[in-house]
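Subject: Two-chain model, handover and notes

Hello,

Here is the structure for your files. My notes follow below.

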Amino acid sequence: MLDWGFTLVLVTNGVLIGLMYSLIALGFVLVYKATDAINFAQGEFVMLAGFIIAGMIVLAGAPFWLGVVVALAGMVAFGFGLERIVLRPLIGRPIIAVIMATIGLATVLRGAAPLFFGAETRALPLPISDEPIVLGAITLPPGQLVGALLSLGFLAAFTWFFMKSRMGVAMRAVADNQQVAMAMGIHVERYFAIAWGLAGIVSALGGLAWGALLGVDVHLALVGLKVFPVVILGGLDSILGAIVGGLIVGVVENLAAGYLDPLVGGGTKDFAPYVLMIVMLMIRPYGIFGKRRIERV
Amino acid sequence: MAAGAAQLRVEGVAKQFGGVTAVDEVSLEVQQGEILSVIGPNGAGKTSLLNMVSGFYRPDRGRIAFEGEDITNLPPSRIAERGIARTFQNIALFKGMTVLDNLMLGRHVRMKSGVFASFVYWGLAQKEEMAHREKVEDLIEFLKLEDLRKQPTGALSYGLQKRVELGRALALEPKALLLDEPMGGMNQEEKEDMARYVLDVNEERGTTIILIEHDMGVVMDISKRVVVLDRGRVIAAGEPKSVQANPEVIRAYLGTKHAIRKAA
């Protein structure tokens, strides 16, 4: 028997969490689209940003807003620096080189972060009330709501940037065809750096939202694992795909937790999105909105 | 630039790909405002030469100078900034984007206010945007693309896509325009239209044109000079008539599918 009230709660909460997945998946998609690099360290970026915010507030005693500003600036600088120092020399190398570089970076970040920030879990309290917001039958946890609104805000701003702004249009040109973009006088490397800088912004916002929800320690990096089902479902190179994929993963996860976990004793929440991902790879490997790549020889 | 000096000077450039010599010690000069065609059998090295001039390949040897300045090792984006635009043999439009977006992207090198300035001085950037839009509108009118502004380029016919690609290159306001088989795959009417546009650009804007083309009728009609490549080397150069009569050229073309037809 399906309980509609219960389902509604699961779905609305799934949507909120899903938007928070969309946000960090966008960082991954953006980098892949613009630079063809696959960033296996997206979760660690989020973790690093969480550490910076928590470190500023808890260890340095800074006000909340300052922690966020420092994290934003720091993550953009980190994105630029990473592109310039590590990734640019790898341009033209096989894609596996970039993948290995980001996997290596992920491990280094996970291992090194506790050296600076300590191993214990730090709470990252948002400056809002903890009271759940009740809307008729639906109860919205404020942390998730703020995270979802933050994600929505960024997704909207980013969509405008990508579709309308001069820089965004040039970035789309780079994503579409690097060679032709160069012939138009577009400095392609500059847009690679911008893509990584934007991934930094995404990570800072993700670190804030997810850090507030889960607390900040090395396990925060695990949210990055959810990026893969999201981007495979939506399509690796689709911004809209990142949003829709995030929503699907959020909702599926919650439905699995609500309906399947009680039947089997738990645990399906964590792998249900991966089942969907594998099915998607079998029937439509480029995802819902991804471009079907036609290789011309 | 001294009077009479060549606008584009290619000196002894060579390019090998894994032991295969694509371009072998090619030298040529192009004068400001002329239409130069580069012809030759398939695999003669025409596109490789074009790729070196536009910065996509780096020559193994030799030197390329544009308006007296060395551009041999500049990346494509810097060469585009200096005023050399190109089209590609296979149509290379930004497919998901509209005709207008493609043409506006051609204005990229002409956009002065930087990225951050455009955020700070919003009004100024808007004003600049309008000026660019006007330039693009002129091109749309010139190329008769009025009804297609908002069409995604992927949906256009082959001939129209080639025309949009020409428009995008023109949007750079180039001093020299490199066209790699602009009439390839076109029917006779489309070819005539394209030839007309190329001539108009050359006459009205004084743009230097370097053309790779297989249709000898078109080449002989519109070129001021013709350079013939065969197996990476220049085997003849000069006015269309003299090149056509050159026994070396006839020999190079014998046994290939592109026989020289007498220009009408």
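Which residues does A:Ala195 touch, not counting residues up to four places away in sequence? They are A:Leu30, A:Val31, A:Ala34 and A:Thr35, where two residues touch, or are in contact, if their C-beta atoms, placed from the backbone, lie within 7 Å.

Before the rest, two points on reading the model. It is predicted: local features need pLDDT of at least 70 and side-chain atom pairs count only at pLDDT 80 or more, while totals for chains, interfaces and linings use all residues. Residues are numbered from 1 along each chain as its sequence is written, and chains are lettered from A and ligands numbered from 1 in the order in which they are written.

The core

A:Ala195 is also one of the residues with the most contacts inside the largest nonpolar core, along with A:Ile53 and B:Val228, among others. That core has 163 residues. A nonpolar core here is a set of buried Ala, Val, Leu, Ile, Met, Phe, Trp, Tyr and Cys residues joined through C-beta atoms within 7 Å. A residue is buried if 20 or more other C-beta atoms lie within 10 Å of its own, exposed if 12 or fewer, and partly exposed in between. Helix α8 (residues 188-214) of chain A gives the most to the core, 16 residues; helices (H or I, at least four residues) and strands (E, at least two) are DSSP runs, numbered from the N terminus. Domain 1 (1-83 + 176-184 + 212-264) and domain 2 (85-173) of chain B both give residues to this core, so it lies between them. The domain bounds come from an automatic or database domain assignment.

Chain A

A:Ser203 lies in helix α8 of chain A and counts as buried because it has 33 C-beta neighbours inside 10 Å. Leaving out residues up to four places away in sequence, A:Ser203 touches A:Gly27, A:Phe45, A:Val46, A:Ala49 and A:Met75. Its C-alpha atom is separated by 9.0 Å from that of A:Ala71, 132 residues apart along the chain.

A:Pro273, in helix α11 (residues 268-283) of chain A, is buried too, with 24 C-beta neighbours inside 10 Å. Apart from neighbours within four places in sequence, A:Pro273 is in contact with A:Lys226, A:Pro229, A:Val249, A:Val252 and A:Glu253.

Helices α5 (residues 142-164) and α6 (residues 166-176) of chain A pack at an angle of about 70 degrees, with their axes 5 Å apart. Axes are lines fitted to C-alpha atoms, for helices over the stretch in contact, and angles run from 0 to 180 degrees between N-to-C directions. The two helices are therefore roughly perpendicular, the word used for angles of 65 to 115 degrees. On α5(A) the contact is made by A:Phe161, A:Phe162, A:Met163 and A:Lys164, and on α6(A) by A:Gly168, A:Met171 and A:Arg172. By class these are four nonpolar, one polar and two charged residues. Ala, Val, Leu, Ile, Met, Phe, Trp, Tyr, Cys and Pro count as nonpolar, Asp, Glu, Lys and Arg as charged, and the others, Gly among them, as polar.

Between the chains

Inside chain B

Between the two domains of chain B, 12 residues of domain 1 are in contact with 10 residues of domain 2. On the domain 1 side, α1 (46-53), α2 and β7 (176-180) each supply at least two residues, and the largest share, four residues, comes from β7(B). The domain 1 side divides into six nonpolar, three polar and three charged residues.

Two backbone points deserve a look. Most residues other than glycine have a negative phi. B:Lys144 has a positive phi of about 55 degrees; it sits in the loop between α5 (122-142) and α6 (158-171) of chain B and counts as exposed, with 12 C-beta neighbours inside 10 Å. B:Arg231 has a positive phi of about 45 degrees and is in the loop between β9 (225-230) and β10 (233-238) of chain B. B:Arg231 is partly exposed, with 15 other C-beta atoms within 10 Å.

Regards

Methods:
Parallel < 35°, antiparallel > 145°, perpendicular 65-115°, else oblique.
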